[in-house]
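Trainee: Could you take me through one part of this model closely, the place where the ligand and the metal sit? I would like one connected account that I can follow on screen.

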Amino acid sequence: MSSPIDVQKMAARLDHAVRQQTAIAQLSAETPFDLATAYQIQNAGIALREARGEKRIGLKLGFTSRAKMIQMGVDHLIWGELTDEMQVMDGETLDLNELIHPRVEPEICFVTKTDIHRPLSLAECQGVLESVAPALEIIDSRYSQFRFSLEDVIADNCSSARFVVGAAQSPRQALDNLGVTLRFNGRQVQTGSSAAILGHPLRALVQISSILSQQERTLPAGSIILAGAATAAEALTQNSYIDVDVNTLGRAAFYTRG
Ligand code: OOG
Ligand code: MG
């Protein structure tokens with residue numbers, strides 16, 4: 001792309017939006033940029049977090065389900081970084097005042113047991129996993145009204161804000177068609193199936209391994225991977241108990257305070 005983009009400046013603007021809990025206008029509306037630049041902005045944003053002491057602990061995929069692509073009007077798989085500061089422990093409370101306009105979505109989480117740096121086949125995936133768990137992702141786009149282009153959302157680290165991982169389970173079980181229910185105060189708000197994630201949630205790992213290999217990057221053993229939401233996301237409500245039930249993996253939950 002010919003227009004000169006100040007990657008650092010764009011990353012700083014998004015980082016400021018996170019810390020001020022204030023939405024900003026879409027960056028690409030001002031100066032268009034391409035996908036490679038979008039990932040550079042994302043990386044510069046993570047470097048700012050690392051400079052404050054945050055640690056990278058894994059990766060997430062986005063738009064791995066039709067439900068999410070349709071909800072957000074975007075039709076391409078994206079990936080972002082997870083840091084230790086983003087993790088809310090299972091059963092703990094999230095203060096909504098820390099965020100702009102958070103939404104929650106049901107996810108499946110993998111924890112790796114070997115380094116990943118080469119493309120994996122679907123058949124190899126279970127063998128590189130330490131565990132699998134039900135999870136919740138809290139997304140919080142830094143753009144007004146959650147409206148963005150593909151480049152914008154990538155630059156914004158794929159709306160990543162917080163995540164909750166439930167109790168670890170053996171990865172040696174069928175994961176391809178598990179019932180997923182998202183509840184607010186016991187009321188069902190979204191239902192779906194793990195099959196909604198690329199037809200099989202382990203395909204998220206196949207995709208991540210291929211991205212890592214292309215980037216000549218190694219994801220260390222013990223990393224967390226969020227496979228992508230199985231359903232559309234729901235706006236969080238104050239003073240609520242939010243849980244996901246993934247049949248037969250179990251549950252992950254948190255409380256909101258408002
Ligand atoms: C982007 C994040 C997408 C998922 O699981 O599909 C994502 C967004 O919807 O704002 O995390
Ligand atoms: Mg997600």
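Mentor: Start at F63, where a backbone N or O atom lies 2.8 Å from an oxygen atom of ligand 1. That is a polar contact, meaning a pair of N or O atoms within 3.5 Å; within protein, one must be able to donate a hydrogen and the other to accept it, and residues adjacent in sequence count only if both atoms are side-chain atoms. The protein covers 100% of the 320 Å² of accessible area that ligand 1 has on its own (Shrake-Rupley method, 1.4 Å probe; for residues, only the protein chains shown count as cover).

Keep in mind that this is a predicted model: local features need pLDDT of at least 70, side-chain atom pairs count only at pLDDT 80 or more, and totals for chains, interfaces and linings use all residues. Residues are numbered from 1 along each chain as its sequence is written, chains are lettered from A and ligands numbered from 1 in the order in which they are written, and side-chain values use heavy atoms, with hydrogens and water left out.

Around ligand 1 there are 17 residues, and the closest are F63, K68, E105, S159 and A229 (near means a heavy atom within 4 Å). Polar side-chain atoms also approach its oxygen atoms: one of E107 at 3.1 Å and one of E137 at 3.0 Å.

Now the metal. E105, E107 and E137 each coordinate the magnesium ion (ligand 2) through OE, at 2.0 Å. Donors here are N, O and S atoms within 2.8 Å of the metal (3.2 Å for Na, K and Ca); water is not among the atoms, so sites may look incomplete. Along the chain, the donors follow the spacing E-x1-E-x29-E. E105 lies in strand β4 (residues 103–112) and E137 in strand β5 (residues 129–139), so the pair ties together parts that are 32 residues apart in sequence. Strands are DSSP runs of E, at least two residues, and helices runs of H or I, at least four, numbered from the N terminus. E105 is buried at 4% relative accessibility, and E137 is buried at 1% (buried is under 20%, exposed over 50%, partly exposed in between; 1.4 Å probe, protein chains only).

Next, look at T64, in the loop between β1 (56–62) and α4 (66–72). T64 is buried too, with a relative accessible area of 4%, and its side chain reaches the backbone oxygen of A227 at 2.9 Å. Beyond four places in sequence, its contacts (heavy atoms within 4.5 Å) include L77, A227 and A229.
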